[in-house]
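Please keep the sequence and the model in view while reading.

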Amino acid sequence: MKKGIYPGSFDPVTLGHLDIIKRASKLADELVVGVLINSSKKALFSFDERVELLKRVTKDMPNVTIKSFDGLLVDFAKEENADFLVRGLRAVTDFEYEIQLAHTNHKMNPDVDTVFLTTSVEFSFVSSSLVREIASYGGDISSFVPECIEQDIIDKYK
């Protein structure tokens, strides 16, 4: 049984994230979406809210589970007995940072590889920070986030 982990802060989850989740779920018998608890970042959504939003957008994906982790990704991967990590790439600039992480993670845990998935072209420019900025000015975010969570984001700025 192959198990993958797709980690992130998902604040909020975007259509780009969902694209990677759907595609990565086809590569694994089980895909864990690991929501990072990062106390050094000021998040729009609380940890519990991010988990709930992810559960909502993945409810029709039976092999996807949502879990939290704090600390090193390689330690979480070991706890989960994961075979691989999934990282999304939007642009060449993402690759430089992500390859460093992949090499570091592999050095720390040689049993876990990193699989890179390029984001589908229509989502290559979408990021959570972009969504937050547009929403903060009352802009239309419907092209960037799953419909079932759009109102949750809008409500955060009311």
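Helices (H or I, at least four residues) and strands (E, at least two) are DSSP runs, numbered from the N terminus. In these terms, the protein chain runs β-α-β-α-β-α-β-α-β-α-α from its N terminus on. The radius of gyration of the chain is 15 Å, close to the 15 Å that the globule rule gives for 158 residues, so the chain is as compact as a globular protein of that length. Here the radius is taken over C-alpha atoms, and the globule rule is 2.2 Å times the number of residues to the power 0.38.

The model is a predicted one, in which local features need pLDDT of at least 70 and side-chain atom pairs count only at pLDDT 80 or more, whereas totals for chains, interfaces and linings use all residues. Residues are numbered from 1 along each chain as its sequence is written, and side-chain values use heavy atoms, with hydrogens and water left out.

A residue is called buried under 20% relative accessible area, exposed over 50% and partly exposed in between (1.4 Å probe, protein chains only). Of the 158 residues of the protein chain, 47% are buried. Contact means heavy atoms within 4.5 Å; among contacts with a separation of 6 or more, 75% are made by residues 24 or more positions apart.

Aromatic side chains come next. Rings of Phe, Tyr and Trp (its six-membered ring) pair if their centres lie within 6.5 Å; planes under 30 degrees apart count as stacked, over 60 as edge-to-face and the rest as tilted. The structure holds four aromatic pairs. In one of them, the ring centres of Phe69 and Phe76 are 4.6 Å apart and the planes stand at 10°, so this pair is stacked. Phe69 is buried, at 7% relative accessible area, and Phe76 is buried as well, at 5%.

The backbone also deserves attention. Most residues other than glycine have a negative phi, and most peptide bonds are trans. In the loop between strand 1 and helix 1 lies Phe10, whose phi is positive, near 50°. Phe10 is buried, with a relative accessible area of 3%. Pro12 is found in the loop between strand 1 (3-8) and helix 1 (15-25), and the peptide bond from Asp11 to Pro12 is cis, with omega near 0°. Asn81, in the loop between helix 3 (73-80) and strand 4 (84-89), likewise has a positive phi, of about 55°. Is Asn81 buried or exposed? Asn81 is exposed, with a relative accessible area of 62%.
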